[in-house]
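This report concerns the packing of helices and nonpolar side chains. The sequence and the structure are shown first.

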Amino acid sequence: MSATDNHSREPLLWVTATSSWEDEALLARLLPPAAVLGGDVALAEVPPNPYLIVVARETQPSCEVLLRQYGMITDSNGDRRQNIADGWTIAATILLATAPGKQDKEFRNYADALADDPQRVVLRVPFMREWRLSPISELPRWDFTPTVRGRTGARPRADGLPTVLAAEFDRLMAHVAALTAAGPPPPISNTDNPDQQCA
């Protein structure tokens, strides 16, 4: 799937990952408005839509790449901007749990650091053992309708996602709708500054 094949879908979120194309494919499956931005496609080559989702596994190497490449940096003049994704709005950072249970404190700290950017939401996909054993084409998909109409009236949607994850996707798409309503952010200068520092 090329980047330009899906530019007419709205709202369209491009997905890129710090670890593996499998993570990109997983998110594009779970969240239908999203499409994979392949690793061989430069961000500058995809102008139709500014929204980007960055996926990282809850491992230290993956999260370090996430923070270094997709976190916010502060120039010596005090201006804050995104790193390699300048010109894009990172609508969400999604952490993929690699083990069952609660999120480790170390990864909560990464999430807190990324949430410092008001343009993006940070959410987590819980570890689902059965998803690891199933083809991606058989995984559930987020349903944007809060209820499903049937012969007996409205009933809660049944998209197969864990309730907590469905609620997080709802929050993400509401955030994207708010960003869209607010209009595009002001253009960001791509002039390199040798005095950049990590925020």
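The model is predicted: local features require pLDDT of at least 70 and side-chain atom pairs pLDDT 80 or more, whereas totals for chains, interfaces and linings use all residues. Residues are numbered from 1 along each chain as its sequence is written, and side-chain values use heavy atoms, with hydrogens and water left out.

**Nonpolar cores**

A nonpolar core is a set of buried Ala, Val, Leu, Ile, Met, Phe, Trp, Tyr and Cys residues joined through side-chain atoms within 4.5 Å. Buried denotes under 20% relative accessible area, with a 1.4 Å probe and protein chains only; exposed denotes over 50%, and partly exposed lies in between. The largest core has 30 residues, of which Leu30, Ile53, Phe169 and Leu172 touch the most other members. Two or more residues each are given to this core by β1, α1, β3, β6, β7 and α5, and α5 provides the largest share, seven residues. A second, separate core of 16 residues includes Ala35, Cys63, Ala111 and Val122.

Leu30 lies in helix α1 and is buried, with a relative accessible area of 0%. Its contacts (heavy atoms within 4.5 Å), not counting residues up to four places away in sequence, include Val125, Trp131, Leu165 and Phe169. Leu30 and Gly160 are 130 residues apart in sequence, yet 9.9 Å apart in space, C-alpha to C-alpha. With the same exclusion of residues up to four places away, Leu172 touches Leu31, Ile53, Ala91, Ala92, Val121 and Leu123.

**Helices**

Helices (H or I, at least four residues) and strands (E, at least two) are DSSP runs, numbered from the N terminus.

| Helix | Residues | Buried residues |
|---|---|---|
| α2 | 60–70 | Ser62, Cys63, Leu66, Tyr70 |
| α5 | 163–182 | Leu165, Ala166, Glu168, Phe169, Leu172, Met173, His175, Val176, Leu179 |

Viewed down the axis of α2, the buried residues fall within an arc of 95°, so they line one face of the helix; the arc is that of the directions from the helix axis to the C-beta atoms.

Helix α5 has 20 residues and reaches 29 Å from its first C-alpha to its last, close to the expected 28 Å; the expected span is 1.5 Å times one less than the number of residues. The buried residues of α5 pack against β1, α1, β3, β6, β7 and α4. After α5 comes Gly183, with a positive phi near 90°.

**Aromatic pair**

A search of the whole structure finds one aromatic pair. Phe107 and Tyr110 are stacked, at 6.3 Å centre to centre and 25° between the planes. Rings of Phe, Tyr and Trp (its six-membered ring) pair if their centres lie within 6.5 Å; planes under 30 degrees apart count as stacked, over 60 as edge-to-face and the rest as tilted. Both Phe107 and Tyr110 are buried.
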